[in-house]
Amino acid sequence: MKLRVLHLEDNAADVELVRSMLAQGGLDCDVLAVNSGATYLAALQQAQFDVILSDSNVPGYDRRAARSAAHERRPGVPFIIVSADPEFGDGPGGAEPDGAAACVPKSQLQQLAPTIRRVVPGAAPGGLDAAAAQVRDLERRLAQRTAELERRTRELEVLNRELETFSSAVAHDLRSPLISIDGFSQVLLESSAAKLDETDRGHLERISLSVRHMHRLINDLLNLSTIVRAPLRAGVVDLGQLAQEIVEELRAGAPERRVECVIAEGIKVQGDAGLLRLALANLLSNAWKFTGSRQQARITFGARTAGEGRDVYYVRDDGAGFDPQYADKLFSPFQRLHPQTQFPGTGIGLATVQRIIHRHGGEIWAESSVDRGACFYFTLAEGA
Ligand SMILES: Nc1ncnc2c1ncn2[C@@H]1O[C@H](COP(=O)(O)OP(=O)(O)OP(=O)(O)O)[C@@H](O)[C@H]1O
Ligand SMILES: [Mg+2]
């Protein structure tokens, strides 16, 4: 309901203030402001109001005159004094002089809307109307957002399906020509070895090597997309024990290396054992690989509890390190900072680790500087 308000007030700023306080208080009002006794009386004569607000004095006219005119011409319409006068400073529910239904000090205008609701029959439902309108507005916006989210989800589903189709196309359509190239270059190498000179043979071997590298890239890419989609099998995982096993495998592969491995014990988390093993294996084998040029290296796996925050797990090494400005890029597929000849790899390891950590509700980041080692930190979901 729109509340019809007659407001006797000679100060234009106060008129505006009252209007905005009514709106802020959730009242939908139609305010007619008058600034003199004559215009007030004319308004009373001509129109119906639900409530009358009156300053204590306007030049040549005061609240008593205003109150009795209202009583006479519009009996039953609540009359509220809105005054700066400290005499009426008790606030709503305080003194109600001169037969006014209430008075509200100008210093407490936020009380005006509740006071009107209290004294004007039908204003409360008006307030409810405003609240209901707000609820309707919120519902409408929520419905819009939900529709938008549903649309985006559908788009993502389509994109995902396209990506899967693309992956299998890569798998089947790209793999078979690669196999042919590899096969025929092998045949050439073997059957025509005598006819080829050293340079030709070198070229053929390079073709073969590149083809095999591309094979690995395709396989890694496909594995990565499988990791993103495979359902998680959660259970209790002992990260320390996994790290220990991985380090033993790395040692077995390069027994001549002198690497001190410090692995924390008793780090138990919730997660998919297979995936977490793959993540740790990638981080530890990077640490192993990038300390390859050190006479004596040190690799640490541990956890630290960051106050009330989540536990942070880390793999640290004292190897080649990297320029920290590229720290974020490393988690994208095929991003490598070191030459293939010095540290071989396809550049898919950290992208895989990041997918696994994200699937566990965690984050991963790195700190490093060139020649001063690297440290990879990760978290897992709360309570993991
Ligand atoms: N511990 C580390 N120390 C220094 N640089 C690192 C370390 N870990 C990763 N990097 C840098 O990040 C790049 C990407 O790492 P990522 O594990 O994804 O690929 P990769 O080890 O080169 O190949 P892949 O793991 O696929 O065999 C590496 O090539 C290297 O430049
Ligand atoms: Mg790697």
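Strands here are DSSP runs of E with at least two residues, helices are runs of H or I with at least four residues, and both are numbered from the N terminus. The partner of β13 is β14, and the two strands pair in the antiparallel sense over five bridges; pairing requires that DSSP finds at least two bridges between two strands. Within this pair, Ala366 has Phe376 in β14 as its bridge partner. The two strands form a hairpin with five residues between them, and Asp371, in the turn, has a positive phi of about 70°.

Contact means heavy atoms within 4.5 Å. Further inside the strand order, β11 (residues 296-305) and β12 pair in the antiparallel sense over seven bridges, and Tyr313 in β12 is the bridge partner of Ala303.

Cys261 lies in strand β9. With neighbours within four places in sequence left aside, Cys261 is in contact with Val247, Arg251, Trp288 and Ile299. Cys261 and Trp288 are 27 residues apart along the chain, and their C-alpha atoms are separated by 9.8 Å. Thr352 sits in helix α9 and is buried, with a relative accessible area of 8%. Buried means under 20% relative accessible area, exposed means over 50%, and partly exposed lies in between (1.4 Å probe, protein chains only). Thr352 touches Leu224, Ile227, Leu278 and Asn282, not counting residues up to four places away in sequence. Lys329, in the loop between β12 (311-317) and α9 (349-359), is partly exposed, with a relative accessible area of 48%. The C-alpha atoms of Lys329 and Ile116 are separated by 62 Å, and these residues are 213 places apart along the chain.

A second open sheet is built from five strands in the order β2-β1-β3-β6-β7, with parallel pairing. Strands β2 (29-34) and β7 (102-105) stand at the edges with a single partner strand each, so one side of each is left without a neighbour in the sheet. Neighbouring strands of this sheet are turned by 20° against each other on average, direction ignored. Strand β1 (residues 3-8) pairs with β2 in the parallel sense over six bridges, and Val5 stands opposite Val31 in β2. Helix α3 (residues 63-73) lies across β1, β3 (51-54) and β6 (79-83), running at about 160° to β6.

Turning to the whole chain, there are nine helices and 14 strands. The chain is divided into domain 1 (3-121), domain 2 (142-229) and domain 3 (234-378), with bounds from an automatic or database domain assignment. The C-alpha centres of domain 1 and domain 2 lie 79 Å apart. The C-alpha atoms fill a box of roughly 125 × 45 × 35 Å, taken along the principal axes. The radius of gyration of the chain is 39 Å, whereas a compact globule of 384 residues would have one near 21 Å; this radius is taken over C-alpha atoms, and the globule rule is 2.2 Å times the number of residues to the power 0.38. Buried residues make up 39% of the 384 residues. Among contacts between residues at least 6 apart in sequence, 68% join residues at least 24 apart. The chain exposes about 21,300 Å², of which carbon and sulfur atoms supply 54%; accessible areas come from the Shrake-Rupley method with a 1.4 Å probe, and for residues only the protein chains shown count as cover.

Residues are numbered from 1 along each chain as its sequence is written, while chains are lettered from A and ligands numbered from 1 in the order in which they are written. In this predicted model, local features need pLDDT of at least 70, side-chain atom pairs count only at pLDDT 80 or more, and totals for chains, interfaces and linings use all residues, while side-chain values use heavy atoms, with hydrogens and water left out.

Key:
Axes fitted to C-alpha atoms, helices over the stretch in contact; angles between N-to-C directions.
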